[in-house]
Amino acid sequence: MQALDTQTTIAVIGAGAMGSGIAQVAAQAGHKVYLHDQRDGAASAGRDGVAKQLQRRVDKGKMEQQAVDAIVGRIHPVSALSEVADSRMVIEAIIEDLEIKHSLLADLEELCGKKTILATNTSSISVTALGAKLRHPERLVGMHFFNPAPLMALVEVVKGLATDHSVAEIVHATATNWGKKPVFATSTPGFIVNRVARPFYAESLRLLQEGAADPATLDAIVREAGNFRMGPFELTDLIGHDVNYAVTNSVFNAYYQDARFLPSLIQKELVEAGRLGRKSGHGFYSYTEGSKRPEPDTEPSRLSDDTTLIVKGDLGPASALINRFRDAGLDIVERDGPGQL
Ligand code: NAI
């Protein structure tokens, strides 16, 4: 199936963290992009944010100013929803709330032509349920980007029960053209990634609640020992606790309140306090000017460059560690069978 031509216009509704990033991705690929948000000034602020991000690349000599100007020039903030009517595809990235998304999609169906693809960036709401109140649910598809959208390659293309297969294929091909690595998923709660990620956050929050360690220490352990790019607390600060908490509730309820997906009171407290993470300047950590991240309380490494590690026998799955130690500059001696070290 053919990807959308870059001559077609894309609209993005919701100019928060995700919407602005998605607008950048589409504009980078060459599309004209309408960006709309119900909050006054948010769409322009979203475009300014994209310009600021890209300017950093210019400053580092990684991008030409001209290219940045062209990308930013393709993003058009629009104040009325009706202005997106002639778009070939509209991607919604508004608040994670079924009723509000329903109402927006119904408005879009009225406004846009029959051929317009309606895509939702929902993290967890059933695409089937979102389509249920549309007259043409076959043109609704999930197009789930990850945060930050310009950097993260994965896109889940989510098919609801009524989604037309060819619509999903067009979106898949378009995501590929936009430099992404799309995968098809069905509209199961949390799709693929959020299904897997829920226990990651939930278990970390339980560790915190039980006083196992503080957020900085738990983050450092997950990063350093688990080789994750970010620990659970810095990651949820990036995602936004309002969004993450809404997704947790949505998956919890979709699985008939299975205890595995139980939301955490810690996250509820953060949301109620307005500590939404980076976007509000405070979450588990503070992001205000001059604030310093607390140091993790971890044991310093006892290994020095001249340490020799003797590996005896088959370590099974843990044998992957041998190469990591070797890469870290340690001297490894491997010995087979019984006998002296
Ligand atoms: P956000 O809170 O940063 O931005 C949401 C924006 O939508 C706000 O600017 C708000 O004013 C606007 N908005 C709300 N209702 C609207 C309406 N009816 N019409 C127009 N604009 C409206 O949220 P974020 O993080 O960008 O999330 C948006 C969507 O993307 C949610 O569905 C979320 O689940 C999903 N998502 C979020 C990820 C994350 O890491 N934050 C990752 C992947 C998906």
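A polar contact is a pair of N or O atoms within 3.5 Å; within protein, one must be able to donate a hydrogen and the other to accept it, and residues adjacent in sequence count only if both atoms are side-chain atoms. The model here is predicted, so to speak of local features takes a pLDDT of at least 70 and side-chain atom pairs count only at pLDDT 80 or more, while totals for chains, interfaces and linings use all residues. Residues are numbered from 1 along each chain as its sequence is written, and side-chain values use heavy atoms, with hydrogens and water left out.

A polar side-chain atom of Asn-121 sits 3.0 Å from a ligand oxygen, and one of Glu-96 lies 2.6 Å from an oxygen atom of the ligand. On its own the ligand has 830 Å² of accessible area (Shrake-Rupley method, 1.4 Å probe), and the protein covers 88% of that. In total, 23 residues surround the ligand (a heavy atom within 4 Å), and the closest are Asp-37, Arg-39, Glu-96, Lys-101 and Ser-123.

Now for the domains, with bounds from an automatic or database assignment: domain 1 spans 9-186, domain 2 spans 196-272 and domain 3 spans 300-341. Five residues of domain 1 touch six of domain 2 (heavy atoms within 4.5 Å). Together these two domains bury about 440 Å² (accessible area lost on being put together, 1.4 Å probe, summed over both), with 62% of it on carbon and sulfur atoms. Glu-96, Ser-124 and Asn-147 supply 77% of the area that domain 1 buries against domain 2. Across this interface, two residue pairs are in polar contact.
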